[in-house]
Structure formats: C-alpha cells, structure tokens
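Reader: I would like to go through this model with you, piece by piece. Could we begin once it is on the screen?

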Amino acid sequence: MAAIPQNPATPRRKVSRHRGEGQWAVGHFTPLNGNEQLKKDDDGLNVRTRIETIYSKRGFDSIDPNDLRGRMRWWGLYTQRKPGIDGGKTAILEPEELDDRYFMMRVRIDGGRLTTQQLRVIGEISQEFARGTADITDRQNVQYHWIRIEDVPEIWTRLEAVGLSTTEACGDTPRAILGSPVAGIAEDEIIDGTPAIEEIQRRVIGNKAFSNLPRKFKTAISGSPLLDVAHEINDVAFVGVNHPEHGAGFDLWVGGGLSTNPKLGVRLGAWVPLDEVPEVYEGVISIFRDYGYRRLRTRARLKFLVADWGAEKFRQVLEDEYVGRKLIDGPAPAQPVERWRDHIGVHRQKDGRYYIGFAPRVGRVDGTTLTKIAELAEAHGSGRVRTTAEQKMIVLDVDESRVGSLVEALEALDLTVKPSPFRRGTMACTGIEYCKLAIVETKARGSALIDELERRIPDFDEPITININGCPNACARIQVADIGLKGQLVLDGKGEQVEGFQVHLGGALGLEAGFGRKVRGLKVTSEELPDYVERVLKRFQAQREEGERFAAWVARASEESLS
C-alpha cells in the first residue's frame, strides 16, 4: 500500500501551485474551505477529551463553536433542532439560531449486530438520558435525541462497557459498516462477511490515519443473495459472489451515493477473497483520503472522483499505488429473486433454528420497547438481535417450539412479523422534529400514511417502497424508492405555503436498480399525500400487466396516470 500521509504538511508529491480540487495526492494541502481548515487545526477525534474534562462539567455554553458544529460529530453528536422553528426558516437562520441545547447521539452498530445485553443497555440509556427516544436508522444504527452534554461521558461509559461505541458515527469519517443482518446463519448465504467487518473495525475505526476524509465514507459488506445492504449507494461495497475458479468471495463496487446529486456505484470487475477485504477496503478509503476532492463540500464525496476517473482508472490506481498487485477478475452478483430484502417474517437458519424479522413503524421505537425486545428474545432462547438497512429488526436463534409464542409477543408490542406492504415498505428520516436540515415532518406523517393506505387499499399485495425525506439530502433514499417523497414547502389550493413533497416515482435497488422519475411539476401537500398515493396505486392496480412491478409500470405510464 502507498504510504499514508500522516500530516498534510508533508506532501508525498511535488506541490503544485494550482489549487485544483484540493487533492492531497497531487500536492494541494492548503485548506480551501472552513471545514478543511477546522480539520487541519485539530483532529475531530481529539474533542472527546474536551467533552469529558471541560464541556460536560461546565455545560453547553462552554462548548467551542468549532467543536459544537464540527468536531463533536466525530463522536456521534449533532445539535438537534430547536423546537418551534418552521421549515421555511431552515435555510434562513444562522446555525446558532437553529441549535437546541440538546444533542442527537448516534450509536454505531456495524453489521447491525447486537447482543440482547447490548440492546438492553441501549434501551436503558434511552429511558434515562434521551426521554425515551431511540430510532433505528437505515444504516443499522440507533439514534437518541434530547441528550445533554453533561450526560455524555456516562453514556459512553455504559455503551463501551458492553462493546458499543459512538466513535466516528458522524463526521468526515468511515461511518458504520452495513452488513447482512443474517450473516453466518442464513441457509442461502454465499459467504459470511462478518470477519472482514470486524477486522476493518479493528484497523480503521478511531485510527487517525483515516479520521480526516474529504467527507463521510459509507461501506457495505454482505454475502446474502438478497443484496440486503443497498450496496449500489455506498462509497464502497463488497457483494457476495461465487467465482467459477476461486469459489465464494466478493465483487467490488465503488462510488455510490444519493443526496442532491445521486449516483449508483460502479463495479470494478474485481473479485476479492474474504481475507483480503480489509486490505482492499483500506486501499479504497486511502484513495478517497488522498485523491478525494476537498475544495468544494458539494463535490467532496467519492462518487465524484469515480465519475471523473471511471472504473478502469480507479482500479488501476488501487492496484498500482495501494494494494501493490493485480486483483482477480470476477463475476457480477446475480439478480435477487425476491423484491423484499429486509428479512421480515419467520425463516429457518442453517443450524435448524429460526430467525424472526419484524417491522417497527418507520424505524421509530423507544427505550422501553427495546428493553422489552431484549427480554423477549432472551425468554425465547436467543442472545442475539439484529438491525437491518431497512429500519427493521430481527431476533436470531429461536427454537421451532418457541417461534409461535415469540411472534405473538412481538405482535402485542405492535412489532408485526406479517406487516402489510405499506408497513413493510415505508421508510422515513428524522424530519423537522429534530433535524436542523429538515423542512417538513416525516415520522408521524409516514406512520399516518401507513394507517390510511391499510384502510383504503386493504387488498394491495405488491411489494412497494415509500420513502419520506424531510429535505433534499436523501437520508431516506427517496431516489431509489417506488414512491420517493422529498420534503419541501409547496403552495396549497389557497395559494398559501404549506408542508409538502416533490414526488419521485419508480426508483429501485437490487432488481433493475435506477433512480425514480420526477413528473414535471408534481408536488403534493402533506394533507393531500394519502389521497395522492392511493390514487397512483389504484391506477397501477388497474393498468399493470401480469407480473409487472410498480417501477416498470411507472416507466411506461403517462404523466396523467402518475399525477
């Protein structure tokens, strides 16, 4: 691997006078924006000491603004939105006007892997320090709200005592690694990626060689044939495949990401054996660190470098400068045979026991519910639970004789094992309730939409994804949903500005991955949303051909049918 520049002041190559894109590898070390200057002034990982020794003891007002809105993210902390500020002011007010005196805290759960002991601690922290909040994200993490700076050291102590962490859960860092929630237990698994996830955690997370990236870096590793980690929209992904000569391994993808400039990841055509995944991962993240664009935040994701270089050059640089050898050519993953890839329902494990996947509403749970899930899992013989990349949860290792009673107990908590397509397929980001970037409400809107659609279209049986986002940043993956809803302010019938959504239709991951279609001028108010979704889905029911998916129908439907 190429030498890692531990200090940007010591360039690897001759310094160029041209500012370029701010790439370290070609000598552009001068910080070209405030974020880069902040990181050069002090590594984000260093803020922990100040939190423990100063801020938690002196209170919120003692926090340096550069730590408050910058470096504290390296430890999973964002200030949350001050209550009562409407969406029209999101882009107008200064950060200090939007900041509440409380924090969102993100607990990173790499691979979605939790013991019941860990889940119980997460639930107890929620009840004691976070007013009961605990949302499951689409990156398998748990997010708290209402966290006081005074309580952060104690929360860290409790999390770390059971092997959990908030390290680099946010910030310009290697974020939590998505992994198949049924890794190592599914009967149809191609290969178990868990050892690679664990080794990457050991090598990279909290390592200052990788704690100053141009922007966030998202990773997915799964050997499931269901393609259950949204590999197409991660910066780097390792997808399980069977090589005709070398056996089970991983197909390497780079450069995926959504937000306001979405791009699907591209295959490098390289097959990577399990034991080489951490080394290749380090090579890819090092390319991002060294060659990634640092001049403009809007172009600082790996997807822009990949788009400019192309797959062939990216692979060449990876081989020549970072891993020091040619990678083996390999096959693409097969198309999944199922639309759903969230592992909901009762499924047999390869050891003869069962795992049970269930669906909270739009990822919203609470601390009391999480502790009850831990207790139920243990009472039914399990010591392991999982979160999924679809805001769902799974209990592993249940004996056949105990499956029925566990299903009944989960249903009693409104954690259904047999959800409707609407309960199963609706996802929502945090929204204006807590997020400073949001423009509209999302979680309650998504939950209410589920209820309305279940009542209005009880016979709807087609897999359907409805993703609701509070702003343009696509945390809820609106561009790759059957129905993607991007929050914005719209005009109602009286000409008044109200909460609403721009509509994207026909996006998909897995089967024929692609971005949704924006129908010209199609926006709906939040109040009109149930009527609109009902109308479109009923037209789909009436017009679809035998076996036709919603996304395929959208591609050929008239704008009138979609409006």
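Reader: Which residue is the bridge partner of Gly345 in strand 13?
Author: The partner of Gly345 there is Gly357. Please bear in mind throughout that this is a predicted model.

Reader: How many bridges join strand 12 to strand 13, and in which sense do they run?
Author: Strand 12, residues 345–348, is joined to strand 13 by four bridges, and the two run antiparallel. Together they form a hairpin with five residues between them. Gly352, in the turn, has a positive phi of about 95 degrees.

Reader: And to which strand do another four bridges join strand 13?
Author: To strand 16, residues 393–398, again in the antiparallel sense. Ile356 has Val395 as its bridge partner in strand 16.

Reader: Is strand 13 covered or open, and which way do its residues point?
Author: Strand 13, residues 354–358, is mostly covered, with five of its five residues buried. Tyr354, Ile356 and Phe358 point one way, while Tyr355 and Gly357 point the other way.

Reader: Is His343 buried or exposed?
Author: The relative accessibility of His343 is 5%, so His343 counts as buried.

Reader: What about the phi of Arg131?
Author: Phi of Arg131 is also positive, near 55 degrees, and Arg131 is a residue other than glycine. Its place is the loop between helix 5 (116–129) and strand 4. Arg131 is exposed, with a relative accessible area of 54%.

Reader: Changing topic: what is the strand order in the open sheet of six strands?
Author: The order is 6-7-8-9-10-11, and the pairing is mixed. Strand 6 (174–179) and strand 11 (328–329) are the edge strands, each pairing on one side only.

Reader: In which sense do strand 7 and strand 8 pair?
Author: Strand 7, residues 217–222, pairs with strand 8, residues 236–243, in the parallel sense over four bridges.

Reader: Which strands does helix 8 touch?
Author: Helix 8, residues 277–291, packs on the sheet and touches strand 6, strand 7, strand 8, strand 9 (247–254) and strand 10 (266–272). Its direction makes about 160 degrees with that of strand 7.

Reader: Where does helix 7 lie?
Author: Helix 7, residues 194–204, lies across strand 6 and strand 7 and runs at about 170 degrees to strand 6.

Reader: How do helix 9 and helix 10 pack?
Author: Helix 9 (residues 302–309) and helix 10 (residues 311–323) pack at an angle of about 105 degrees, with their axes 6 Å apart. Angles of 65 to 115 degrees count as roughly perpendicular, and helix 9 and helix 10 are therefore roughly perpendicular to each other.

Reader: Which residues make that contact?
Author: Helix 9 contributes Leu302, Leu305, Val306 and Trp309, and helix 10 contributes Ala311, Lys313, Phe314 and Val317. By class, the contact of helix 9 with helix 10 has seven nonpolar residues, no polar ones and one charged.

Reader: How many residues are in the largest nonpolar core?
Author: That core has 53 residues, and Ile51, Met72, Phe103, Ile122, Tyr144 and Ile147 have the most contacts inside it. Beyond its neighbours within four places in sequence, Ile147 is in contact with residues including Tyr102, Phe103, Phe129 and Val152. A second, separate core has 41 residues, among them Ile191, Val236, Val254 and Val323.

Reader: Finally, where is Asp138, and is Asp138 buried or exposed?
Author: Asp138 is in the loop between strand 4 (133–136) and strand 5 (142–147). Asp138 has a relative accessible area of 10% and is buried. Not counting residues up to four places away in sequence, Asp138 touches Leu178, Ala389, Gln391, Met427, Cys475, Ala476 and Arg477.

Reader: And where is Gly76?
Author: Gly76 is in the loop between helix 3 (65–68) and strand 1 (77–81). Gly76 is buried, with a relative accessible area of 0%. Leaving aside neighbours within four places in sequence, the contacts of Gly76 include Met104, Arg106 and Cys170.

Terms used
Residues numbered from 1 in each chain as written. Predicted model: local features only at pLDDT ≥ 70, side-chain atom pairs only at ≥ 80, totals over all residues. Heavy atoms only, no water. Pairing = 2+ DSSP bridges. Contact = heavy atoms within 4.5 Å. Axes fitted to C-alpha atoms, helices over the stretch in contact; angles between N-to-C directions. Buried < 20%, exposed > 50% of the residue type's maximum accessible area, 1.4 Å probe, protein only. Core = buried A, V, L, I, M, F, W, Y, C linked by side-chain atoms within 4.5 Å. Parallel < 35°, antiparallel > 145°, perpendicular 65-115°, else oblique. Nonpolar A, V, L, I, M, F, W, Y, C, P; charged D, E, K, R; others polar.
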